Amino acid sequence: MSKPVPDHVPPEMVRDFSLFTSPGMGPTPNGDPHAAVACAHDAPPIFYSPNNTRDGRGTWVITRAKDQRRVLHDTATFSSHRSIFASALGENWPMIPLELDPPAHGVFRSLLNPLLSPKRVIVLEPAIRERAVALIDGISAASTSCDVMKDFAFPFAVSIFLSFIGLPDERLDTFVGWGKDLLHGEGIKRTAAARTIVAFIDDLAAMRRKEPADDFMTFVVEAKVDGRLLTDEEVRGIGVLVFVAGLDTVATAIGFDLAYLARNPKDQQLLRREPDRIVLAAEELLRAYSTVQMIRVAKKDIDFEGAPIRKGDYISCATMIANRDPAEFANPNTIDLAREDNRHTAFAYGPHRCLGSHLARREIVIGLEEWLSRIPDFRIKEDTAPITYGGHVFGIENLILAWS
Amino acid sequence: MRIIVHNDKCQGHARCWAQAPDVFKLDDDGYILRGDIEVAERDELLATRGARSCPERALEIDRAFDALLDRFLFNQACGGFNT
């Protein structure tokens, strides 16, 4: 269902490559989608992929970290407003601040930054750790194996996210289901999930307007920008973004990390023996297993490093490709848990640097620390195979770990 | 050693702060404070790591200053300023 390659794209710049349809991008038992896309570095640094979005659109693919930095910094040329969520509903409103360009972006970013700053995350840390410990102790008391995604990674990440926005844990499974349908479902399922999430955010905002609580949604409905309250559409744009961003990224990172440690006992032992190394190791695992593809839309024609980009073209900055750039990282396909000077782009470059990055990092580090200190030597359970997939957000499921 | 801070490039990754919180100070939003940083000798290793971990290249390590300072101290020790 890919669309024809536009006339302005030179045929020699077209490559048969896609984060959705290339080998290893579909559900793959024991797959390694990050290694699979690293082969993009065998092609020229910029090429055109005829089918590189969920809805089959073509994109330019920027493979080098240094070029991705340039694209993500140049917000005057490369806009991030493409209503990726709203378009699933046939609507056109931005998720905020992600899909706003400067200067409007900065106004909302300044509003939200303090809520997720490094200092704020230090305050949240004890509650995060408590949650991790409770889940892992429950697992280890019950059995000597578990499905990491279902039993730990998702409940952990999603419950922290729910308490952040001010919702009780009891609806956790419902939210995880919506997130799955939205991010990985097809057609009708996806549209239905998008509608449900919008209605839910709108309801929550209305509730908090009527009865304020000490939570994120209350903050948003009471907040002012430029001396005025936020519009309903702005409140929705913020709520939906936080919902979508918080649901599955951290869980997926923990899943890929534990899968790596299960398969690499030496590294597992190293972190078990010297837990002080986990902070640095988590950065290397973020580099090696980053999960997000950023898309920008050209606002004007530009010849970029030899690529004739025209107004309206999509430009893909896939974190998992830049993070395997040999010009940026020595031996990019080797995972070195002691790697220094690790300037990876798991949380993007530029003004749209992931707002939740500090919280995400703490969750990942705490998740690994508590898992390693409470679960003995673990491995992928015999006769099981984790299933990985590529796409807009990479993922892993059916990760069954076992220990003695 | 001195660290030249390019505030316009800082995007709030806070990787410098994670490596050396006493050297790199952040504002309430999580972005680095304005102004270049003089680094005490005992903090040089961590400060260097912090600067090198910035994904945006907002922190520039300036050692030219060290050479100047060394020459100044040497001259002073030799009584160079009196001659």
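Analyst: **Where chain A meets chain B**

Across the interface of chain A and chain B, 10 residue pairs, both at pLDDT 80 or more, are in polar contact (N or O atoms within 3.5 Å, one able to donate a hydrogen and the other to accept it; residues adjacent in sequence count only if both atoms are side-chain atoms). A word on the basis: this is a predicted model, where local features need pLDDT of at least 70, side-chain atom pairs count only at pLDDT 80 or more, and totals for chains, interfaces and linings use all residues. Residues are numbered from 1 along each chain as written, chains are lettered from A and ligands numbered from 1 in written order, and side-chain values use heavy atoms, without hydrogens and water.

The rule also finds five salt bridges between the chains (a side-chain nitrogen of Lys or Arg within 4 Å of a carboxyl oxygen of Asp or Glu). In one of them B:R15 pairs with A:E283, with the closest N and O atoms 3.0 Å apart.

In contact (heavy atoms within 4.5 Å) are 24 residues from chain A and 21 residues from chain B. Together the chains bury about 1900 Å², 44% of it on carbon and sulfur atoms; this is accessible area (1.4 Å probe) lost on being put together, summed over both parts. On the chain A side, A:K119, A:R343 and A:R353 lose the most area to chain B, together 30% of what that side buries.

Technical notes
Buried area = accessible area lost by both parts, 1.4 Å probe.
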